[in-house]
Amino acid sequence: LDSLDFPDAPSRDLVYYRFIDQSNEEIDDMIEYDIDEEDNQWLSLINEERKTEGLTSVPQEAFELLMDRLEKECVFESQVSGNGTESTNPYNIDENAVCCICNDGECHNTNAILFCDMCNLAVHQECYGVPYIPEGQWLCRRCLQSPSRSVDCVLCPNKGGAFKQTV
């Protein structure tokens, strides 16, 4: 190996070697919220209402900025506990959560625990048959099919939990 003449690797900036966290000011200036189809439809309805009332319409850029600020403010409020110190769990994820189907709390990148955005049901992707983690809101089958009515299993005495059609 000593006899081989390897070319020198080009030098690289330090940013290639380490991750540099952004400052709070940089994060504040950056808009991370991205409007989706549902937001776009809602904004269209609101703008139609505003037009009939003689008000100006809300542009998408202003909506994204407002939603971004609202989300960041909510995260900030959830991080700060009652005594003014920051929480160690900034996203309020229940680290002791267990899957309602298998009662196991262990999860991996390919089999994460999902939480229903309406009822907070916790299930593994594989246990509930969710092949990929959806972007945005995720609802369990009960909340998708009957969000306002309680559903009971006709085959067992269980009340609540993960309902998965088997018949």
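Which residue just after α2 takes a positive phi? That's Gly54, with a phi of about 80°. What you're looking at is a predicted model, where local features need pLDDT of at least 70, side-chain atom pairs count only at pLDDT 80 or more, and totals for chains, interfaces and linings use all residues. Residues are numbered from 1 along each chain as its sequence is written, and side-chain values use heavy atoms, leaving out hydrogens and water.

**The overall layout**

- The protein has five helices and two strands; helices (H or I, at least four residues) and strands (E, at least two) are DSSP runs, numbered from the N terminus.
- Read from the N terminus on, the elements go α-α-α-β-β-α-α.
- Of the 167 residues, 19% are buried (buried is under 20% relative accessible area, exposed is over 50%, and partly exposed is in between, with a 1.4 Å probe and protein chains only).

**A look at helix α2**

- The 16 residues of α2 should span 22 Å at 1.5 Å a residue, and its end C-alpha atoms are 23 Å apart, which agrees (the expected span is 1.5 Å times one less than the number of residues).
- Asp39, Leu43 and Asn47 are the buried ones in α2.
- Looking down the axis of α2, you'd find its buried residues within an arc of 70°, so they line one face of the helix (the arc is that of the directions from the helix axis to the C-beta atoms).
- Turned away from that buried side is a face with exposed residues, including Glu37, Gln41 and Thr52.

**Aromatic pairs**

- Rings of Phe, Tyr and Trp (its six-membered ring) pair if their centres lie within 6.5 Å; planes under 30 degrees apart are stacked, over 60 edge-to-face, and the rest tilted.
- That rule gives two aromatic pairs.
- One of them is Trp42 with Phe63, a tilted pair at 5.8 Å centre to centre and 40° between the planes.
- Trp42 sits in helix α2 (residues 37–52) and Phe63 in helix α3 (residues 60–79), so this pair ties together parts 21 residues apart in sequence.
- Trp42 is partly exposed at 45% relative accessible area, while Phe63 is buried at 8%.
- Tyr128 and Trp138 have ring centres 5.8 Å apart and planes at 80°, so they pair edge-to-face.
- Both Tyr128 and Trp138 are buried.
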